[in-house]
Amino acid sequence: MKFHRIYALMARHLYLYRRSLPRMMEIVYWPLLDLAIWGFITVYLMKFEGQIPGVVTFFLGALILWDVLFRAQQGVTIAFLEELWARNLMNLFASPLKPSEFLAATMVMSILKVIAVSVVMAGCAGLFYSYNIFVIGLWLIPFVVNLVMTGWIIGVLTTALIMRFGQEAEVLAWSMVFLFQPISCVFYPIEVLPSWLQAIAWMNPAAHVFEGMRAVLSATVSPLVHLAWATSLNMVCLSLVVALFHWMFEFCRDRGLLVRIGE
Amino acid sequence: MPTPTSVLHVQHLVKQFGDFVAVNDISFDLRPGEILGLLGPNGAGKTTTIQMLLGVVKPTSGSIAMFGRDLETDREAILQQINFSSTYVSMPQALTVEENLWVIARLYGLRQIQQRVDDIVKRLEMEEFRHKVTRKLSSGQSTRLGLAKAFLTEPKILLLDEPTASLDPDIAQKIRSFLKEERRTTGLSVLYSSHNMHEMEAMSDRIIFLQRGKIVAEGTAQEIVARFGQADLEEVFVKLAREQ
């Protein structure tokens, strides 16, 4: 893997952000809108603070962490879509660039996006709702790392499907992640799910992260078991989707889809 | 077997999409410093051949070797030394001309990037639009950007698909002179596809004529014209295209 090729793709995307208002708005506008809606819901729910302790922390914390996952997924998928829209895939893949370097660049871009969005959201949550995300403490770091990895998994899976099925599958870039939301148990504990769905949810690394976050906030049990599960599942799933992406790349080369994908 | 001096050796290359055979058992060589014309009507398999040579389409069977290495196994090393320009492939539209060239330079790991970008911009007379956003370029300017991208990396083999298709005659002439000069000074080898028969005759050392995925004629323009008993290459093209 060559760093200069990863850096080339990053530079290409950073040039885009430099002069694109819609792309900059993606970092600020949607996160702020999310925060406003969920912030007001939380303010309303604070009336029931007695019945549901720590309601603000649960909801706003969950929202910010969900956005970490969402932006990590978007960072990967949108970077691929940008190349598709620009009909630039042939320029890239007829160069020495390897598929793994392409993925690495999208992942680094997604980290930059997550950092930008998280700073905006955490800052605004503190400013408007006096909410401090760091109340979760140092546990926040492994939680965020795991959510970024889960975002990559969904992002790489989505990208592989778009590469295979073309622009018709573009809608997956925005919808796929929400397929995982109910079983990620972002805003509710896993026990509320029917037992058959709980079994599926436990296979989702994000569910372990959010369960772990609730464990930290309620100070009942250690989140270590959840973190261990989340990390292990993330490693396995990430390896699988990266292998799938490589397989799909070869499949598309064989079918000539790589050069027709943007047409 | 590749000739001892060939930089590109294509052997029994086949590409099949389902039942459709786009490229049907073609073999040819490209020699150092040679300009090889790839001619044929639409659907003859020229673009598919170029896409296979660039590694973006996988052959069904046959082999492609460049600089004595197999493309499938030495893809990275080979692609570092070749480049392409096609009228049908664009560059990211939201970036300026110069930004696009910088990205390509980084992608190929070039050194002294600013100097090389300045040089290619000057040589292809792109100064007046080097800071322009790509989507605002005329089609002729976009073609020149595609060529600049291809020449920037100083490839040993260049694949050109209709390189002068949207250029006015003056610029097209300059591009042809530029290409010949590059070939003379660097020993660049070029595989060149065009629908402009006069250009093909003027530029190519040899021509490969493709029809329905097969090579139906190979040789110098004069040899091909003589073989088909026509007045010029254009008449040969029309005759073969109507037979298809």
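1. Within chain B, strand E3 (residues 35-39) and strand E9 (residues 206-211) run parallel and are joined by four bridges, where strands are DSSP runs of type E of at least two residues and helices are DSSP runs of type H or I of at least four residues, numbered from the N terminus. Two strands are taken to pair if DSSP finds at least two bridges between them. Across this pairing, Leu36(B) stands opposite Arg206(B) in E9(B).

2. The model is a predicted one, in which local features need pLDDT of at least 70 and side-chain atom pairs count only at pLDDT 80 or more, while totals for chains, interfaces and linings use all residues. Residues are numbered from 1 along each chain as its sequence is written, and chains are lettered from A, with ligands numbered from 1, in the order in which they are written.

3. Strand E8 (residues 189-193) of chain B is mostly covered, as five of its five residues are buried; a residue is called buried if 20 or more other C-beta atoms lie within 10 Å of its own, exposed if 12 or fewer, and partly exposed in between, with C-beta atoms placed from the backbone. The cover extends to both faces of E8(B), with Ser189(B), Leu191(B) and Ser193(B) buried on one side and Val190(B) and Tyr192(B) buried on the other. In a regular strand the side chains alternate between the two faces of the sheet.

4. E8(B) pairs in the parallel sense with E3(B) over four bridges, and Ile35(B) stands opposite Val190(B). Strand E7 (residues 157-161) of chain B also runs parallel to E8(B), joined by five bridges, and the bridge partner of Leu160(B) in E8(B) is Tyr192(B).

5. A separate description is needed for the open sheet of four strands in chain B, which has the order E2-E1-E4-E5 with antiparallel pairing. Strand E2 (20-30) and strand E5 (69-70) of chain B each have a single partner strand and stand at the edges, so one side of each is left without a neighbour in the sheet. Strand E1 (residues 8-17) of chain B is joined to E2(B) by eight bridges, the two running antiparallel, and Leu8(B) stands opposite Leu30(B). Helix H1 (residues 46-53) of chain B lies across E1, E2 and strand E4 (61-66) of chain B, running at about 60° to E2(B); such angles run from 0 to 180 degrees between N-to-C directions, with axes fitted as lines to C-alpha atoms, for helices over the stretch in contact.

6. The C-alpha atoms of Asp29(B) and Glu125(B), which are 96 residues apart along the chain, are separated by 33 Å.

7. Chain B is divided into domain 1 (32-55 + 68-81 + 156-244) and domain 2 (90-154), with bounds that come from an automatic or database domain assignment. The contact between them takes ten residues from domain 1 of chain B and nine residues from domain 2 of chain B, two residues being in contact if their C-beta atoms, placed from the backbone, lie within 7 Å. Helix H6 (residues 169-186) of chain B gives the most to the domain 1 side, with four residues, and the residues of that side divide into six nonpolar, two polar and two charged. In this classification Ala, Val, Leu, Ile, Met, Phe, Trp, Tyr, Cys and Pro count as nonpolar, Asp, Glu, Lys and Arg as charged, and the others, Gly among them, as polar.

8. Helix H3 (residues 97-107) of chain B is mostly covered, with nine of its eleven residues buried, including Trp102(B), Val103(B) and Ile104(B). What covers these buried residues includes helix H1 (3-18) of chain A, together with helix H4 (113-123) and helix H5 (139-152) of chain B. H3(B) is followed by Gly109(B), whose phi is positive, near 65°.

9. Between the chains, 25 residues of chain B are in contact with 26 residues of chain A. The largest share of the chain B side, five residues, comes from H3(B), and by class that side has 15 nonpolar, six polar and four charged residues.

10. The largest nonpolar core has 148 residues, of which Leu147(A), Ala148(B) and Leu159(B) touch the most other members; a nonpolar core is a set of buried Ala, Val, Leu, Ile, Met, Phe, Trp, Tyr and Cys residues joined through C-beta atoms within 7 Å. The largest share of this core, 16 residues, comes from helix H3 (residues 55-85) of chain A. Leaving aside its neighbours within four places in sequence, Leu159(B) is in contact with Ile50(B), Leu53(B), Leu54(B), Ile82(B), Phe84(B) and Leu191(B).
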